[in-house]
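Please open the structure in the viewer and keep the sequence at hand. The tour begins with the whole chain and then turns to a single element.

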Amino acid sequence: MNNPIKQRSMLTWPIIRKGLAYILSGKFRLKNAHLPAEHHTVPANFIGVCVASAADPAMDDYVIAELHALGINQVRLDFTYGDLESFNARFLQRLINDGFHVTLHLIQPFSRARNMESKTEQEAWQSFLNNVLNRFGRHVARVEIGNTINRKRWAGYTVDGFLAAWNIAYTTIKQHGIELAGPNVTDFEPIYNIGILSLLKAKQQLPDTHSNNLFSERVSEPERFDHRILKYRWATALKFNLIKKARLLKKIGQDFGIQRFISPVAFWAIYRIQRLLPDGEQKQADYAARYMLLNAASGALDQAFWGAFICQREGLIDDGLTDAEYPALERVTHYASVDGKQSNFWRHASFNAIKTVATMIQGAEYIKAISSANGLEIHHFQTNTHDIHALWTINGKVALLQDIYDITDINNTKIIHRDGHLLNAQTHIVSESPIYIRWPKDQPVQIKDTATLAKDLAIHAHIQALQYYPFRQDNWFGMILARNAEEALLIGEQLHPSKLISPQKASALRHARNAIWALPDPRNAQAQVTVKQPVKMYPHKTLLDRFKPSKAKRSWNGAVELLRRGISTAHPVAFFEQQGDKTLKQNFYICDYVKADCSVGEMFVHFAKGNKEFHFSGKNGIIRAADVYQQLAQYLHRMHQTGAFFRDLSGGNVLVQLQDNNQLSFSLIDTARARFYTHPTPMNQRVSDLARMCNKLHWAGRERFMGLYLANIGRKLSPGIKFSFYLYDFKVAFKRKFGRKGIKKLIQKFKK
């Protein structure tokens with residue numbers, strides 16, 4: 001074997017030049033490309049999965065059985081050097097014998113691909129192709145060549161090396177009369193597609209099917225406009241969402257004379273989802289269903305594959321292993337085998353989500369998008385016997401079925417959950433988890449003009465064992481979170497807003513701008529709930545808040561968003577707001593009563609006096625200041641990493657409970673001002689939160705606490721951060737002396 005050649009980037013000047021020429025010529029434009037095309041047929045074999053097996057023949061049986069349970073007949077199998085003598089040949093034959101349509105992905109090991117400009121490697125590649133195609137070629141649906149070629153660290157190819165590999169593969173595959181797919185660009189980097197297809201066209205070696213791994217994972221939600229192209233500011237303007245990417249990639253292929261387009265691999269890794277949202281498995285299922293529905297709606301793809309089928313990170317089935325046991329080479333490049341013990345395997349929620357999508361829309365006609373690219377997705381499919389609407393929202397938003405359909409229409413349809421089971425039409429809402437509304441083809445159903453998102457309202461779709469129940473009664477609107485309809489009715493009756501009367505100051509937990517008081521919990525005679533109502537509105541706030549959601553709704557939104565991101569807070573029970581209320585006071589937020597040992601504010605005041613420990617009265621518990629700083633720093637870092645900017649992070653709004661082994665449990669209250677991002681909170685806003693938090697803490701404690709917090713993000717307490725703290729201290733001192741309360745105290749003192 002020749003010595004390894006010097007590695008060069010795949011993004012060479014010829015590729016850049018051809019890509020730019022195409023874009024500047026105006027070909028890279030498609031009117032309203034971010035919206036689905038109307039009236040097209042979704043292929044009957046639209047959804048596929050990437051599969052693998054293992055040395056034990058029993059794994060073949062397991063994978064085949066699970067594919068049958070999934071109801072999908074399209075599979076893609078990676079096949080490389082040595083596989084003709086390994087379990088992979090046995091598994092491939094089994095797939096063929098059982099009638100699966102196999103896309104056979106022929107790949108070279110990295111060490112061999114990087115040397116493809118050498119004659120020795122070219123001969124080895126030719127031999128491999130001949131042997132595989134002579135044995136299996138006439139039995140597979142297609143052969144794909146290329147493996148994430150724009151990721152040299154995974155695939156190993158240079159441009160010339162890839163062209164050499166393609167030249168050999170093209171000639172050999174055409175001799176066998178097999179459909180050829182390629183070049184397997186990964187993600188949305190169209191300059192590679194344009195450049196490589198230009199080079200292949202010049203050689204008269206274009207593929208029959210254009211392949212691109214159409215990922216949306218790093219954008220988070222599949223509907224989101226891609227901020228990575230020109231950052232967040234331009235994302236909405238450019239509208240590069242999944243549908244636009246699919247339609248543009250399809251157009252690129254068609255401009256080169258290639259009519260078929262497939263996405264061979266895409267997935268959401270659970271561990272990446274959990275960087276922002278704790279419900280990784282459920283969110284993967286949401287995204288999987290929505291991804292397939294959007295690809296089907298785009299009209300651009302002939303097939304879309306999920307991969308890998310069995311894997312703890314991204315699979316529809318979990319192999320029971322840890323992330324540390326994930327293979328060194330990403331499975332998007334080479335899904336070599338199933339790992340782990342079959343006895344430890346279990347289905348992710350995404351298994352049933354994909355199964356339901358396949359059942360609903362494969363072979364259907366896509367009629368049109370009733371709503372799309374605006375936070376609420378409603379897509380109309382039609383089969384020979386049924387009309388089907390697929391509905392969902394994005395990013396914690398919500399829509400109400402009764403705002404979209406007449407109640408009589410809802411009662412005469414079947415509403416099917418993301419995972420395939422029937423839902424109760426009377427109580428269900430539209431959330432991030434897709435639902436399907438199905439009715440006989442000849443039954444008319446009208447869409448209301450009010451078919452939009454519920455204004456300024458958020459929910460956490462995956463609170464276990466609880467459901468959301470809209471409240472509409474006597475000119476009141478609200479939302480109740482309950483275990484079932486009976487419990488929701490009980491809450492609505494016993495805590496009806498007409499019965500909620502704020503107590504006098506002496507009987508309230510707090511009574512200033514807001515009245516906060518406790519009431520018996522209708523669900524549990526031994527528990528209480530907390531009620532919050534605005535009771536004092538200053539003139540400037542009355543003017544400014546008129547354009548905002550009610551305080552109750554803002555408190556609800558803040559609480560459910562914190563829970564959605566895995567941050568503990570007083571659990572919401574309900575909110576109510578009077579429609580058309582000009583006083584801005586007729587609204588109520590109700591949450592669980594939080595029993596706390598103290599607040600962070602109390603602890604910080606104690607430490608500011610020079611104390612090194614905090615004593616919990618009634619618990620005989622003692623905790624060191626250093627441990628408080630450490631645990632609080634981790635809690636707030638996690639909060640900011642999930643994209644929460646609390647904006648009212650005073651010590652009194654962080655409640656503390658002492659657990660076993662001196663562990664502290666923190667809970668946030670007063671959530672109305674919180675804001676949320678789809679990315680970690682920016683640094684300046686983190687500092688704003690932390691400066692407020694540390695206002696009552698002495699500088700020695702601040703430096704210790706901030707050092708621990710900043711270590712999580714690889715930063716140190718800089719002069720700029722210190723200045724922000726000093727500035728906030730000044731603002732607080734100025735407000736205390738010259739603000740409304742300060743002046744009031746001065747007048748009272750003068751009167752005396």
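Begin by colouring the protein by secondary structure: 23 helices and 32 strands make up the assignment. The coordinates are those of a predicted model.

Next, select the C-alpha trace and orient the view along its principal axes, where the trace spans about 105 × 65 × 55 Å.

Now display the contacts. Among those with a separation of 6 or more, 71% join residues 24 or more positions apart.

Of the 752 residues, 55% count as buried.

Select the charged side chains next. There are 98 positive and 65 negative charges, and their mean positions lie 12 Å apart.

Finally, select residues 551-564, which form helix 17. How far apart are the end C-alpha atoms of helix 17? Colour helix 17 by relative accessible area, with under 20% taken as buried. Because 14 of its 14 residues are buried, helix 17 is largely enclosed by the rest of the structure.

Move on from the end of helix 17 to G566, which follows the helix and has a positive phi, near 80 degrees.

Definitions and conventions. Residues are numbered from 1 along each chain as its sequence is written. This is a predicted model: local features need pLDDT of at least 70, side-chain atom pairs count only at pLDDT 80 or more; totals for chains, interfaces and linings use all residues. Side-chain values use heavy atoms; hydrogens and water are left out. Helices (H or I, at least four residues) and strands (E, at least two) are DSSP runs, numbered from the N terminus. The expected span of a helix is 1.5 Å times one less than its number of residues. Buried means under 20% relative accessible area, exposed over 50%, partly exposed in between (1.4 Å probe, protein chains only). Contact means heavy atoms within 4.5 Å. Lys and Arg count as positive and Asp and Glu as negative; His and the chain ends are not counted. The place of a charge is taken as NZ of Lys, CZ of Arg, CG of Asp or CD of Glu.
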